[in-house]
Amino acid sequence: TTFSDTFLFAAHAASVRCLAISPPTESDKRYLATGGSDERVNVYTISTAPPVSNAARKLPSMAQTSISENPSNKSLGSLLHHDRAITRLHPAKGKLFSAAEDNTIAISRTRDWTALSSIKAPLPKVQGRPSGDTAAPGEIPMGVNDFAIHPSQKLMLSVGRGEKSMRLWNLMTGKKAGVLTFEREVLGQAGEGKFSSGEGRRILFDEAGESFVVGFEKGAVMFG
């Protein structure tokens, strides 16, 4: 087995925060989405098939790994649906979900990359400055940390900065369906102490959609 770089490029003007790749297809073509601190979501077509030997042009490399251009890998452009750093990307059945520190989750159609809707989470209440918070002076810590889409594609859960709770969204209407506050006992079991933020960092459904897990800084909690 040999490894060769087929797509080496500068994607963003600032740090890359998240990546997502679409599910495999019969045509061996997938798309790659990258989100960065420059508020952009860049989209690329990626071929999962190896490049044809006569089409692969060897490029000079200072590293030990060879580099071969694959003409099937191309940039499709950038999505400008957010005005702050991108925090999470998720492809799902012809759509691309993107979350950012502007407290919004945007839904784009992958067929033509049109913005279908934007879900706006409420601003969190000011609850003091937890240790390790990186919000600028005078600003409220905000932003969607993570979200998870139910396998039925009808419901979505999200967790955000500055909130000791998670939000349930109805994807059929694009509106909030409920809020679950993390009780002190639950936060204590997850290792969230007095000086912790108490916010969920990651959230994930199981394959059947019957349970989900919320990850905190030092622990995780499973919910039915």
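A residue is called buried under 20% relative accessible area and exposed over 50%, with partly exposed in between, using a 1.4 Å probe and protein chains only. By that rule A92 counts as buried, because its relative accessibility is 8%.

Welcome to this model, which is predicted: local features need pLDDT of at least 70, side-chain atom pairs count only at pLDDT 80 or more, and totals for chains, interfaces and linings use all residues. Residues are numbered from 1 along each chain as its sequence is written, and side-chain values use heavy atoms, with hydrogens and water left out.

**The whole protein**

The protein has 1 helix and 18 strands; these are DSSP runs numbered from the N terminus, with helices being H or I of at least four residues and strands being E of at least two. Of the 224 residues, 40% are buried. The accessible surface is about 13,200 Å², and carbon and sulfur atoms account for 53% of that, with areas taken from the Shrake-Rupley method with a 1.4 Å probe. Contacts are heavy atoms within 4.5 Å. Looking at contacts between residues at least 6 apart in sequence, 45% join residues at least 24 apart.

| Residue | Strand | Relative accessibility |
|---|---|---|
| A92 | β8 (residues 86-92) | 8% |
| R167 | β14 (residues 165-170) | 9% |

Leaving out residues up to four places away in sequence, A92 touches F97, I149 and Q153. The C-alpha atoms of A92 and P23 are separated by 8.4 Å, although these residues are 69 residues apart along the chain.

R167 is also buried, because its relative accessibility is 9%. Its side chain makes a polar contact of 2.6 Å with the side chain of E163. A polar contact here is a pair of N or O atoms within 3.5 Å; within protein, one must be able to donate a hydrogen and the other to accept it, and residues adjacent in sequence count only if both atoms are side-chain atoms. With residues up to four places away in sequence not counted, R167 touches P122, M156, L157, S158, K176, G178 and V179.

S158 stands opposite F147 and belongs to β13. Strand β12 (residues 144-149) has 6 of its 6 residues buried. It runs antiparallel to β13 (residues 155-160), joined by 5 bridges; two strands pair if DSSP finds at least two bridges between them. The hairpin they form has 5 residues between the strands, and Q153 in the turn has a positive phi of about 65°. Q153 is also one of the residues that A92 touches.
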